[in-house]
Amino acid sequence: MATEKTGYTELHRGDTEFHRENQKKLRFSSTSFAPSAVKSFLQRVNWSGVGLLVGVFGLWETAVQLNNTPAYLFPAPTAVFRYLFLHLADLLLAGGVTLLEAVAGLVLGTAVGLALAVLITFWQQLEQGVMSLAILIKSTPIIAIAPILTIWLGFGPAPKVIVTALLTFFPVLINALTGFRAVDGALLDWLRSLNATPQEIFLQARWPGARPYLFAALRVVGPLALIGAVVAEWMGASSGLGRAMWLAYTNLNMPALFAAVFVLTGLSTAVYQTIVSLEKRFLFWE
Amino acid sequence: MKQIDIRVSELSHRYGRTHALKSINLHIQPGEFVSLVGVSGCGKSTLMRLIAGLQTATEGGVWLDGQLPAAARAAKQIGWMAQQAALLPWRTVRENVQLAQKINPQPGTNTPHPDNLLKMVGLTEFADAYPLTLSGGMQQRAALARTLATGTAVWLMDEPFAALDELTRELLAEELLQIWRQFRPTVLWITHNLHEAIRLSDRVVVLTPRPGTIAGEIAVPLPRPRDDTSAEFQDLLRQARALLRQEVVHGD
């Protein structure tokens, strides 16, 4: 045990020295070359996340190389990245189409969810009817609706937008409704003591108060929107990541399939981060 | 400002089977400061909600200047303060005060400038601050400025300083009293603190618990500011305590 411990310490000391050397180099380079923008970028980068990613790719690469796994079963990251760079323009174009469809569907779904929540808030007697219908739509598997919509509306963006909207409206509806109703009782009493109209109460208290709930829904629904668009594209599309994936799948072109997945993951992260930064701006009082 | 009286006549209220208030008769003179004292759960807050017309009584009625509460609210005559400051967290202190003037505006009335009101409650420096960055005492100061913003003739105050520490509470009550003497609104002040009730009000009304009925009332003829160490003050405090204690024991 004792020897092991010394061994570890030895090793560790080696590490620290190496680290210190690196630090020196880094400090040297950052003071002499890097402007403050680069420096602040370097500080903001999540280095543990980058490290983890590099580690996973390293292990994956090693496993595939050692095992001689054929590329049509499980491609090495290098193969995926090679494909990614060789077809970057095509993949980005496809990603752009999918992103546009997803965002359009997200906007539509959010608008419909919000509109229904507002409707129920003002006319409570509509709640049962609207909610039953919403649950019915939500419970129908999207994978079953997508091909029908494709047959009806063709290979263009329309069915993708609708599928995405169908997938996203429900969490928005539920959270917005919860938020509209969660208004502080003391605040409501004060507004009523001034004889505020239901519209004034909505605009001044319910709507701003529901924003945290709304953003919680958007965080869930944002990445979901991309999935909706891709699933719809699998059912038949003239462009988009889903179509790229479907083509790769039918040709057993696994590097292409993985490359498309990587682009999709990147887009999904970007959508999520955008929502988070919007949330910070709109919930400034918290 | 127009002065208004509050008349409560044979007021009873039930929540399901619970009898919250029973046969309450109370008349508050224009410009009078009346405290309503009682143990927790004796229906004090229910009575205040009924007077403001936020709830409708099972029996009996409430009149403010001879009108129903709904009419008084429509004319923006009711100022409401509760234990929670109930400020809108997404509006600055000044914007909160402005909102009180923006909602249900009364044409032809002069509304005081928000900055003057904030000066009056000592919040000039915090006009652009958001409520959640302020202490509880400062939040209640803002709520007071907001109450003054509409120039209301009736103040319904449900333990507005109860959540604050002793010292802040005393200080704020003193300032409130000064503002009250300046504008002379009719005040119904709810509290469970006898000392505070006698220090502030013209009259202390003691409420019994379950069902809430008026056990008795004590006039406080002392000039303000009041010396709480004086024999008269202590005597009134003793009377009020005896009344309250007797009723609590009876209630149990």
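**Reading rings and charges**

Me: This model is predicted. Is B:F33 buried or exposed?

Reply: B:F33 is buried, at a relative accessible area of 0%. Buried means under 20%.

Me: Which ring does B:F33 pair with, and what is the geometry?

Reply: Planes over 60 degrees apart count as edge-to-face. The partner of B:F33 is B:W180. Their centres are 5.2 Å apart and the planes stand at 85°, so this pair is edge-to-face. B:W180 is buried too, with a relative accessible area of 0%.

Me: Where do B:F33 and B:W180 sit in the chain?

Reply: B:F33 is in strand β3 (residues 33-37) of chain B, and B:W180 is in helix α6 of chain B. The pair links distant parts of the chain, 147 residues apart.

Me: Which residues form one aromatic cluster with A:W60 and A:F258?

Reply: The cluster also takes in A:F57, A:F74, A:F81 and A:F262.

Me: Now charge. Which residues gather in a patch of negative charge on the surface?

Reply: B:D165, B:E166, B:E170 and B:E174 do. B:E166 lies in helix α6 (residues 166-183) of chain B. Exposed means over 50% relative accessible area. B:E166 has 54%, so B:E166 is exposed.

Notes: Residues are numbered from 1 along each chain as its sequence is written. Chains are lettered from A and ligands numbered from 1 in the order in which they are written. This is a predicted model: local features need pLDDT of at least 70, side-chain atom pairs count only at pLDDT 80 or more; totals for chains, interfaces and linings use all residues. Side-chain values use heavy atoms; hydrogens and water are left out. Patches are made of residues with over 30% relative accessible area and no salt bridge: like charges are joined within 9 Å, nonpolar side chains (Val, Leu, Ile, Met, Phe, Trp, Tyr) within 5 Å. Accessible areas come from the Shrake-Rupley method with a 1.4 Å probe; for residues, only the protein chains shown count as cover. A salt bridge is a side-chain nitrogen of Lys or Arg within 4 Å of a carboxyl oxygen of Asp or Glu. Lys and Arg count as positive and Asp and Glu as negative; His and the chain ends are not counted. The place of a charge is taken as NZ of Lys, CZ of Arg, CG of Asp or CD of Glu. Helices (H or I, at least four residues) and strands (E, at least two) are DSSP runs, numbered from the N terminus. Buried means under 20% relative accessible area, exposed over 50%, partly exposed in between (1.4 Å probe, protein chains only). Rings of Phe, Tyr and Trp (its six-membered ring) pair if their centres lie within 6.5 Å; planes under 30 degrees apart count as stacked, over 60 as edge-to-face and the rest as tilted.
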